[in-house]
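Biologist: Please put the model on the screen. I would then like to go through it by question and answer.

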Amino acid sequence: MIYQRSVDTFEQMRPEELRSHRWYGTDSLRSFSHRARTRQLGLSAEEHLGKPVIGILNTWSELNPCHIHLRERAEDVRRGVWQAGGHPVELPVMAVGETFQKPTAMLYRNLLAMETEEVLRSYPVDAAVLMGGCDKTTPALLMGAISADLPSIFVPCGPMLPGDWRGRRLGSGSDMWKYWADRRAGLVTDEEWREIEEGIARSPGHCMTMGTASTMTSVAEVLGMTVPGAASIPAVLSAHNRMAAESGRTAVRLAWEDVRPSRLLDERAYRDALTAVLALGGSTNAVIHLIAMARRSGVALTLDDFDEASRRVPVLADVRPTGAFLMEDFHRAGGVPALLHRVADLLHLDRPTVAGHGVATREPYDDTVIRRRDDPLSPEGGLAVLRGNLAPDGAVIKHAAAEPRLLRHTGPAIVFDGHRDLLARIDDVPATPGSVLVLRGAGPKGGPGMPEHGMLPIPDRLLKQGVRDMVRISDARMSGTSYGACVLHVAPESHVGGPLALVRDGDPITLDVGARRLTLEVSDEELDRRRRGWTPPPPHHRRGYGALFDAHILQADQGCDFDFLEGAGGPEPEVD
Ligand code: FES
Ligand code: MG
């Protein structure tokens, strides 16, 4: 079905119809107080009355290096808002970040989503500019905006410049794991390791591989929530300042036309985002985030949708960790619009976006970075969804980033109970290259927060023999910049009694990606016996946000949202 309405024809509101009018425009004591307090801010009536209020939600902080330029970049957004006759107000929100947060930023995705939703709902905001990009911030900001259902545009913080070490281009994450493995194998000196530390992250911006950050900002663009071409612009380019200003101008129009997320984010938008994730060879984390976002929009996206699409969508973006290039190359090759051009027949591009009608595409400039359909990086999508007695509700593997010999494999399990146990014993277990390493207690509740521990390290002894990939299975996630035969997101997780809790050392496990099966080769009777002897571990948190998290987090196949946050509440507070 082709969508015919154009955003350009969305009706323009009158100033009295703006949501903020209720705060500023009426002849009431409350409204008087809001105006008087705006004078206190140093603003005269002419500067703001009758203008849409544009909330700039900024996730800048000094412990989020990916966003360190966003404090200045907000000034470019502000300039754009002024140019278009809006009233910009910067509203700081939690700077969820991958680099420093323990136990994992994923524990806080839903907290930022809640904060975003409630900041938008409780303040006099007519439209929002959402500034983020480090992995969880993109889905969190969008989930909050979807549930608040206020006109919103996303400003991706942009990838950092490619890493550089002795003339070699380093990729975030991917090369860290690679050189760490080499260092453990005795191949990297102390001096070299220090030089890598100085070269791998050498500018502001998010990870410049096709990790979760690049995947999710691309998702935002495909959904139609950014200006065209925004996702891949490197953070430090002047084009990034211009994109920020354009986003500010656009936000003012979105406010006047009341272009809410609910008018843009329908099932076609989410299916296109899913297709793009696969063509990008994107992060496995996108599966969780997209499902969560779609459920906020009332769209029932499932693991099976990913698997079905992955059988027909080729991987075309030759970007690490699946491919060879980095985000700057992807940008110069044309970015997301160029990727979409290559898979246009699989998409619904004739739909509204924040920029107007139709999702932007353009001819790619470089076939080596954005491959042609007849010359894909991999003919099938990078993700497969596995089921079987070990993962009744599904598990995910990014098989395009694994050694092909492992995609059909049976081996004896070596089981680790949680990350501490893994780190303590990994170099001592009697593993062979054919062993199957199993990590449990690392899911949404068990982790807690489903940390990125799913790329279990290869035991030292095997690394020194040259082994660089093994079958690994967990209820954890893995970094979008990781690689290997890692079966992730096993649902239900062990902490709630999923079959992963019943595995014992030596049990044979079969991975068969072609058949989409993950099988624990133990009889049903024996598993029943083990299940009866299993006792649930205690919850991780006694109080606070953690206790809320433990009580309400959904499993990975449902997107790890809180059960009470699914869906949209709309922009108005429940009590005035
Ligand atoms: Fe922020 Fe990778 S650490 S995107
Ligand atoms: Mg990451």
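**A loop, some helices and a core**

Biologist: Which residues does leucine 407 touch, not counting residues up to four places away in sequence?

Modeller: Two residues are in contact if their C-beta atoms, placed from the backbone, lie within 7 Å. With residues up to four places away in sequence left out, leucine 407 touches His399, Ala402, Val513 and Gly514.

Biologist: What pLDDT do local features need in this model?

Modeller: Residues are numbered from 1 along each chain as its sequence is written, while chains are lettered from A and ligands numbered from 1 in the order in which they are written. The model is predicted, so totals for chains, interfaces and linings use all residues, side-chain atom pairs count only at pLDDT 80 or more, and local features need pLDDT of at least 70.

Biologist: Why is leucine 407 called partly exposed?

Modeller: Leucine 407 sits in the loop between strand 10 (391-397) and strand 11 (408-417); helices (H or I, at least four residues) and strands (E, at least two) are DSSP runs, numbered from the N terminus. A residue is buried if 20 or more other C-beta atoms, placed from the backbone, lie within 10 Å of its own, exposed if 12 or fewer, and partly exposed in between. Leucine 407 is partly exposed because the number of other C-beta atoms within 10 Å is 16.

Biologist: How far is the C-alpha atom of leucine 407 from that of methionine 176?

Modeller: Methionine 176 is one of the buried residues of helix 7 (residues 174-184), along with Ser174 and Asp175. The buried residues of helix 7 pack against strand 5 (163-165) and strand 6 (168-170). Leucine 407 and methionine 176 are 231 residues apart along the chain, and their C-alpha atoms are separated by 25 Å.

Biologist: Which residues touch the most other members of the largest nonpolar core?

Modeller: A nonpolar core is a set of buried Ala, Val, Leu, Ile, Met, Phe, Trp, Tyr and Cys residues joined through C-beta atoms within 7 Å. The largest one has 167 residues, and the members touching the most others are Val129 and Leu290.

Biologist: Which helix gives the most to this core?

Modeller: Leucine 290 is in contact with Tyr270, Ala273, Leu274 and Val277, among others beyond four places in sequence. Tyr270, Ala273, Leu274 and Val277 are among the buried residues of helix 12. The most, 9 residues, comes from helix 12 (residues 267-280).

Biologist: Is helix 12 largely enclosed or open, and how many of its residues are buried?

Modeller: What covers its buried residues includes helix 9 (212-223), helix 11 (261-264), helix 13 (285-296), helix 14 (303-310) and helix 16 (335-342). Helix 12 is largely enclosed by the rest of the structure, because the number of its 14 residues that are buried is 11.

Biologist: How are helix 12 and helix 13 directed relative to each other?

Modeller: Axes are lines fitted to C-alpha atoms, for helices over the stretch in contact, and angles run from 0 to 180 degrees between N-to-C directions. Helix 12 and helix 13 pack at about 175°, with axes 11 Å apart. Angles under 35 degrees count as roughly parallel, over 145 as roughly antiparallel, 65 to 115 as roughly perpendicular and the rest as oblique. Helix 12 and helix 13 are therefore roughly antiparallel.

Biologist: How many nonpolar residues does the contact of helix 12 with helix 13 have?

Modeller: Helix 12 contributes Tyr270, Ala273, Leu274 and Val277, and helix 13 contributes Ala286, Leu290 and Ala294. Ala, Val, Leu, Ile, Met, Phe, Trp, Tyr, Cys and Pro count as nonpolar, Asp, Glu, Lys and Arg as charged, and the others, Gly among them, as polar. In this contact no residue is polar, none is charged, and the nonpolar count is 7.

Biologist: What is omega at the cis peptide bond of arginine 320 and proline 321?

Modeller: Most residues other than glycine have a negative phi, and most peptide bonds are trans. Proline 321 lies in the loop between helix 14 and helix 15 (327-332). The cis bond joining arginine 320 to proline 321 has an omega of about 10°.

Biologist: Is aspartate 149 buried or exposed?

Modeller: Aspartate 149 is in the loop between helix 6 (137-148) and strand 4 (152-156). Its phi is positive, near 50°, in a residue other than glycine. With 22 C-beta neighbours inside 10 Å, aspartate 149 counts as buried.

Biologist: Is arginine 166 buried or exposed?

Modeller: Arginine 166 is in the loop between strand 5 and strand 6, and it has a positive phi of about 50° although it is not a glycine. With 9 C-beta neighbours inside 10 Å, arginine 166 counts as exposed.
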